[in-house]
Amino acid sequence: MFDDLLSALEPGEENLFAADTDGDSIADTFIVEHNIDTNGDGMADIVVTETFVDLDHDSQPGYYSITEETDTDGDGLLDHTVFLEDTDGDSFFDMIAEWDVGEYDMSDMESLEQLEASDAEAYSEFGHFAPTDVDMDGIIGTPFESLDSWHVQSDNTCAVVSQEFVLENLLDREFDEGELRAIAEEHGWYDNGTSMEDVGKLLEYYGVDVEQSTENTLDDLRSSLLENNQIIVCLDADEIWSGQNEEMFGPGMDANHTVQVIGMDESNPDDVKIIINDSGVTNGQGVMVPADLFVDAWEDSGCFMLEASCATILEAQQG
Amino acid sequence: MEQSRMKEVIHTFNHSELCRKLIPAELASGWPCLKKVRGKLYIVIPYFNRMPVKSGYALYPIYCSATIPWKMPEKMLDFTVYTIQENWKDVDYSKPVGFFKHKALEDIRTKDEYIALCNRLYRCYDEMVLAVLENKPFAGEEKMAGLFSKLMEPSLYPFYEKINKKFYSNFYKM
């Protein structure tokens, strides 16, 4: 199997990515992507990706993996994957796996990325905030300033990532989800998720003022946005992901997710929308959720809200 | 129709200070089991993670459970995190164990239909609790087993069984 993969590396377009992951100014991680067009239609129908990690720069990779993705039915989508991995640098593959994308067989399921790419039904009926598409006079908060910090969470880390968004907005610098998660784990604020009580602890760690409360209303949300606070809420994700889509539902009850509220759209008083950054799904950036639906989902957490501001940091800087 | 007492008990605990303090907010509560200790009735609520995927959810192993008094659902008798339990040490929490919705729910097409089915099962729990508290035979056992077997997520069942095999296997007939 490996020989088959190696022979596929010869023709086609090649992309090389290099990165220094340990900060010693020497590139230690290299990703080579080979795009191969076997039928001459101008589209790559095999993509082979090799990853080499050589942290001690001895030209012997301590980690090596090769992934071959193939479009088996010619529909332009890569639908079959073969993955080989040598995690200890002994030149023998420790893991060999093969799966079809979209095939829900657990023996083949090796990567969360497959799952995350498949959640397109969430928010399918809602709009996404774009400053050019809305009447800005009706917008509460500054959602346009918060869109860029959004990204999809890499694990069960919605609370960590929501705090990352808030930190980036308040402190105007980039934070890394992995580093924040490591800090949270070290302090007991993350273990397969974050309890509601610990939502905000990462913010406090960086000197941000936080206040938790429950039993809030949309008026409380509006007031807090008008005070330029950053807001995180807990809610029942199923209710907002599915929206009015009656065919999307899941097991379990009550709140199970954390998102950042970045604004409200009151341009149509009969159709108020709450604008959120949701790291849990691939189309969760600046989603405009109808207020009544948002409240239904929010009530499942007792309308939990965390408000964050950097008043203390600013005072310290000024004083 | 009147709200199920079992559903209300779980809901009360899920909104309690203890739950906010201990249970990761990302987790969903699963099917409870009953526990009788020194004549008092408790319910064990398992919690697990799930992620949205195309047409459903990926399900992850049960992570923890809370044991709460039936009559005081804002209090707690026990909180168990399974990742650190000896007989759970081989469980891989990094990968999903299965998907929702499972085959037995193929005929359930809408959220309302699913919630209605869940509510019927919760009301069976209520009947069972009443029978246990009054030391009477539980007449609705067969009905409960039918609903339970339909609603139980097969990929999570092995983990439920690890929590309380006697209870769950009594109602899960596959």
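B:Ile43 sits in strand S3 (residues 40-53) of chain B. Helices (H or I, at least four residues) and strands (E, at least two) are DSSP runs, numbered from the N terminus. This is a predicted model: local features need pLDDT of at least 70, side-chain atom pairs count only at pLDDT 80 or more, and totals for chains, interfaces and linings use all residues. Residues are numbered from 1 along each chain as its sequence is written, chains are lettered from A and ligands numbered from 1 in the order in which they are written, and side-chain values use heavy atoms, with hydrogens and water left out.

B:Ile43 is buried, at a relative accessible area of 0%. Buried means under 20% relative accessible area, exposed over 50%, and partly exposed in between (1.4 Å probe, protein chains only). Leaving aside residues up to four places away in sequence, B:Ile43 touches B:Met6, B:Val9, B:Ile10, B:Cys33, B:Leu34, B:Ala66, B:Thr67, B:Ile68 and B:Trp70. Contact means heavy atoms within 4.5 Å. B:Pro69 is 26 residues from B:Ile43 along the chain, with 6.4 Å between their C-alpha atoms.

## The interface between the chains

In the interface, 43 residues of chain B contact 47 residues of chain A. The two chains bury about 3900 Å² between them, 56% of it on carbon and sulfur atoms. Buried area is the accessible area (1.4 Å probe) that two parts lose on being put together, summed over both. B:Arg20, B:Glu26 and B:Lys111 supply 19% of the area that chain B buries against chain A, more than any other three residues.

Chain B and chain A share two salt bridges. A salt bridge is a side-chain nitrogen of Lys or Arg within 4 Å of a carboxyl oxygen of Asp or Glu. A:Glu197 and B:Lys21 form one, at 3.1 Å from N to O. On the side of chain B that touches chain A, S3(B) gives the most, with six residues. That side divides into 23 nonpolar, eight polar and twelve charged residues. Ala, Val, Leu, Ile, Met, Phe, Trp, Tyr, Cys and Pro count as nonpolar, Asp, Glu, Lys and Arg as charged, and the others, Gly among them, as polar.

## A loop residue of chain A

A:Thr194 lies in the loop between helix H5 (177-186) and helix H6 (201-205) of chain A. A:Thr194 is buried, with a relative accessible area of 2%. A:Thr194 touches residues of both chains, including A:Ala159, A:Val160, B:Ile23 and B:Pro24.

## Salt bridges within the chains

Side chains of opposite charge can pair when their charged atoms come close. Over all chains, the whole structure holds 14 salt bridges. A:Asp155 and A:Arg181 form one at 2.8 Å, N to O. The pair links distant parts of the chain, 26 residues apart: A:Asp155 is in the loop between helix H3 (143-146) and helix H4 (158-171), A:Arg181 in helix H5. A:Asp155 is partly exposed at 26% relative accessibility, and A:Arg181 is partly exposed at 21%. A:Asp155, A:Arg181 and A:Glu185 are linked in a network of salt bridges.

In chain B, B:Glu8 forms a salt bridge with B:Arg5, with the closest N and O atoms 3.5 Å apart. B:Glu8 and B:Arg5 are separated by about one helical turn, because they are three residues apart in helix H1 of chain B. B:Lys136 forms a salt bridge with B:Glu134 at 3.2 Å between the closest N and O atoms. B:Lys136 is exposed at 52% relative accessibility, whereas B:Glu134 is partly exposed at 43%.
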